Amino acid sequence: MKTYAIILAAGKGTRMKSLLADKSKVSFEILGVPLVQHVLNSLKPINPSEKVVVVGFGGETTTKIVGEQAKIVWQKEQKGTGHAVKQAAPILEGKEGCTIVLCGDTPLLKSETLQKLIDDHIASKSSLTVMSAKVPNPHGYGRIVRKKDGSVERICEQADANKEIDAIDEVNTGVCVFDNILLFKYLNNLKPTNAQGEYYLTDLIKMFVDDGLRVGVSLMSDYHEMLGINDRRQLAEALAIMKRNINNSLMISGVTIVDPENTYIGPYVKVGQDTMILPGCYIVGETTIGCFNEIGPSTYLNNMKIGDSNKLICSHLIDSSIGNDNNIGPYARMRGHVNIENHVKVGNFVELKGVTIHDGAKMAHLSYLGDSEIGERTNIGCGTIIANYDGVNKFKSKIGDDVFVGSGTTIISPVIIEDDAFIAAGSTINHDVKKDDMAIARARQENKPGYAKVLRTKALEKSKK
Amino acid sequence: MKTYAIILAAGKGTRMKSLLADKSKVSFEILGVPLVQHVLNSLKPINPSEKVVVVGFGGETTTKIVGEQAKIVWQKEQKGTGHAVKQAAPILEGKEGCTIVLCGDTPLLKSETLQKLIDDHIASKSSLTVMSAKVPNPHGYGRIVRKKDGSVERICEQADANKEIDAIDEVNTGVCVFDNILLFKYLNNLKPTNAQGEYYLTDLIKMFVDDGLRVGVSLMSDYHEMLGINDRRQLAEALAIMKRNINNSLMISGVTIVDPENTYIGPYVKVGQDTMILPGCYIVGETTIGCFNEIGPSTYLNNMKIGDSNKLICSHLIDSSIGNDNNIGPYARMRGHVNIENHVKVGNFVELKGVTIHDGAKMAHLSYLGDSEIGERTNIGCGTIIANYDGVNKFKSKIGDDVFVGSGTTIISPVIIEDDAFIAAGSTINHDVKKDDMAIARARQENKPGYAKVLRTKALEKSKK
Amino acid sequence: MKTYAIILAAGKGTRMKSLLADKSKVSFEILGVPLVQHVLNSLKPINPSEKVVVVGFGGETTTKIVGEQAKIVWQKEQKGTGHAVKQAAPILEGKEGCTIVLCGDTPLLKSETLQKLIDDHIASKSSLTVMSAKVPNPHGYGRIVRKKDGSVERICEQADANKEIDAIDEVNTGVCVFDNILLFKYLNNLKPTNAQGEYYLTDLIKMFVDDGLRVGVSLMSDYHEMLGINDRRQLAEALAIMKRNINNSLMISGVTIVDPENTYIGPYVKVGQDTMILPGCYIVGETTIGCFNEIGPSTYLNNMKIGDSNKLICSHLIDSSIGNDNNIGPYARMRGHVNIENHVKVGNFVELKGVTIHDGAKMAHLSYLGDSEIGERTNIGCGTIIANYDGVNKFKSKIGDDVFVGSGTTIISPVIIEDDAFIAAGSTINHDVKKDDMAIARARQENKPGYAKVLRTKALEKSKK
């Protein structure tokens, strides 16, 4: 059977208390991924023939996030969920198949749970299947009242609940799957529920039941998945649950996470076996991490490609790649477009940007290397700066293999330093250096006998003024 | 009705296990605020006509914290809570009104709860009202035994509890409000309870009841508020609860806190809507943060004024102000008296102290700027140092607008560099530079052909010795 | 009575999902200490006459960890716990006394719990005593079925449990103590339990009971101690429990831990009273910390000796010692063999390695000091580098007392700078400096009128190309 999906994403989320005029609720992020994207991700394995996102408040923002992943329809007025779904009619009305309707603010829904919903729907030959959950505290939710055959008799809202109903702990999650043709047929007959003229999708349940159409139930195994985000506390709550899910499955697969409560790993991150992650790490984006690495504590990684057997300590690294057997940090920083090969040492207070560093090179301390290439086994002394900017333009430098750059060196790009060259400590280099040559650019040391005393006396005199 | 407050703060807190001779229990801090200050803060909205803090052990320390906020009386001997309250007689005895008596080690008490206590006291026309709480595990607490009219019949201590009493989950919190005139009248008749000659305030309850005075009860809604601090585990427990309270109310107001369990925000901190705080941040003191900022991970802020739309990443910032649209960090540090305007970039491994930085200036890496002023759009190259100290005195420098300071520059204060000047990389600058002038202070580069080889040979020879 | 101990440590721990060929399960670490070492530590106060560790998978690794602490026997084939224990026969068979048998993967077992097991064993004159625990969810565990006299009637596995058995919440922990002579006598009669030819130690219980030998029970007070590590989630779980235990006992002893959930302190670390530890600290190895220190946030300490009254902020420090009243960080790093005396300031972006720093010296910013000695009260200016490496050899420098090293100085080791010397800012120093002398090695500043304008024009032209 063909499947379709409609994601309701038109809400403002007033309780999010945002000041931004074009911030839709579903554009809020968890671990760097917008809510609606989490929902789109959960639909991926289902692979629906059509996906429709209903946007409204902040719709431009939502549309940008959705991109090519689904069709967009606009709900210009906020007239209820029934009205929202109806906006998808131009795309879906009259097509054979079944349609999942879900909210764009439920980031914890798993693909398996959605697949089970469809499977249950088809197996039970229902016209509509409601996803239910058993919750520890059902008060306030719409309760599922079942017929003897297990299908839905009705959904009872809290206001209408007597004692018997109150004892029911199975509730309506709001996610459901419809026979697509019936969905739009009934939507055409849906009447507004209240004085504000709002149309509620849940009203279809009664209409189906009244017309003798089977309304099935599919019970989700973990009620946490139904959590919808309505304020920023729930955003934090959802992140906490997602964090546990992600970290648990990494641990089960062979990753050591020293404290999974204090480790934040995004949903697109991949981590290989025997990698150990110490507390306080925040790892997001399209980051790939190999095996046998030691990462952390307090390391930030975003869009990094990392091979095997590296040590990354207390560092802030983005948009870069690191091979194998490297030592990075503590307090190292990669700003982007850094390509580190193998057996490289990047030590403390070192910043890299737009640099390729070949095998075995070392830059152990207090350096900035921008827009350049560093050869194999080259030693970059402490306090080396590759000045790549003249106030207007950025330039590139190249340093060869087995070069020794002395401490306290400033290299003014563009400069080429050939293999086996030696730069004397404390030099400012603005000309090329040939293979095996030494370059020096510093003043000779002069010692002035007794002059320290003179300076001290002067300084003390100044202090008395 | 006039209200008064007596805060009992004379205890040592033996279980805190401090080695400090003058460390009172109430001087221990939560989120940078002493326990007794938390209690004083909770009294602020009540605005009592008189506040009296009873100090004893470590009283000097407590007195310093209290300052002008309340009157101090000394309890020289530790002779029980009744004796402690009696020390306030010279200030309060005989005055019309009601008096709240509370402990200085209960930092979680909320103003609303205290206000409700007073309101209940007045509404019920009681002579004394006891604050009670319902606790999940009442064992060990004094239980509230109520009369039919809801007033207190007696407080039953655990030792005297039979089965029926044991089942009562409403306990005495120790906080109460008295008719002030009756309080001191009865204190004069209070007898010591035990061989050690201690006078207990709770004994007044029986005396009031026996004399037919009404003793009311005011039930607090959340029993966590009654937590008193007796050891450092409870200090950590109270912090955890306060953290949750503060973070929850910030989230509800529109602040994104990625992980509220791992974010520490002090009680005086203000944060605007749409600001996002990543994990591992510690934000204390009189810090004000505007809207749309992104802060963290792992950022420490203390007494900071921060405008809107800034990014503050992995940094350590104190006693400074930051305008709007600035980019700070990662690994930046402000030591104090820094004033950053707007659109400024302060990059990695940059330390600022006593500096004003005007709009659009950039100091992207590895610099120390002390005691100086940086003009608009000026570019401070990597490795710039403003040396402000001659071993005795500190000096100031001023750098104008649109200046370009090349990398690896040391500026020896005091120096004035005028607008549009250019400092060549690698220079040490100790004289003023005029508008549009270039200053250079470095040696010319000399290349010595083949000399790198010679040096390598020498180094290898040395290594063999 | 003599006691012996056998630790079963031959397992691979397949569910740990390690790719390493020689990684035994018991070599996984919690807070820097291998699982089997935690177990060996718990045995220390018991002081058994003989300790035997049975190794198998990854046995080389395990043997290295055990070292001289116990005798090693190999179990070449994985033929069950009975078979494993039997490998200890050459060492223990026939000796008078009692033998504790425990697993190498239970890092939470406390010495007091093991001592109680032995005491109960001896007091009850049992031939075998089983350690039991009461667990909240006993399903799946072997239940302890007791006789009227409290001794074991049998252990009932889940598969054989009826309703009555299912209600028993006392379970077998797998830890037990045997009369040593009987243990090996019965092991000789033990038959394989299954088709795979595995011998189970628990089968001895039935054999003892059947032969009328008393099998006692020793109930542990906290069931968490029985946790065995079988996957990396359990590794994290055990760490969380151990963290709470360690932090709780430190707090009780007078250490302030702001957030014990977010503070990681290893089992060998000692911390003195009135030291405060802020969140995000990771403190491991043989670290000793005195009193009145303030540590954190986000500070990493490994094998550090720290005196009293220091401030260590956001720093990464290993294998070094720090006296009293020092100020370290934020963003300081000690790589090892650093010896700091008292009243020293090590500021931001400062790296130290192999340095001795005497009383009152200051290195406040952006410096690297390697392999050297810094005298009393000496001021090391910002951007000072002691270059200790010529590409092949490492050299040492010595700087005397009361020296002033100006900012932006590079010192090329080996160099001796005597007391009271002055190094001008921006100098590269490669010769000794005598007492009271000033050394300078920099070019004079030249100002080129209007040349900044020329440079700007040139840069703009370049940008247009």
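**Notebook: the contact between chains B and A**

I began with the contact in this predicted model, to which chain B gives 57 residues and chain A gives 61 residues; contact here means heavy atoms within 4.5 Å. I noted the conventions: residues are numbered from 1 along each chain as its sequence is written, and chains are lettered from A and ligands numbered from 1 in the order in which they are written. Local features need pLDDT of at least 70, side-chain atom pairs count only at pLDDT 80 or more, totals for chains, interfaces and linings use all residues, and side-chain values use heavy atoms, with hydrogens and water left out.

**Confidence.** I looked up the scores and found ipTM 0.96 and pTM 0.96. Chain A has an average pLDDT of 96, and 100% of its residues reach at least 70; pLDDT is the predictor's confidence in each residue, from 0 to 100.

**Interface.** I recorded a buried area of about 4,400 Å² between chain B and chain A, with 60% of it on carbon and sulfur atoms. This area is the accessible area (1.4 Å probe) that two parts lose on being put together, summed over both.

I noted the salt bridge that joins the side chains of Asp274(B) and Arg232(A), at 2.8 Å from N to O. Elements giving two or more residues to the side of chain B that touches chain A include helix H9 (232–252), strand E25 (345–357) and helix H10 (451–464) of chain B; helices (H or I, at least four residues) and strands (E, at least two) are DSSP runs, numbered from the N terminus. The largest share of that side, five residues, is from H10(B).

The copies use different surfaces, as 18% of the contact residues of chain B recur in chain A.

**Ala70(B).** I placed this residue in the loop between helix H2 (59–66) and strand E5 (71–74) of chain B. Leaving out residues up to four places away in sequence, Ala70(B) touches Leu40(B), Lys51(B), Val52(B) and Val53(B).

Methods: A salt bridge is a side-chain nitrogen of Lys or Arg within 4 Å of a carboxyl oxygen of Asp or Glu.
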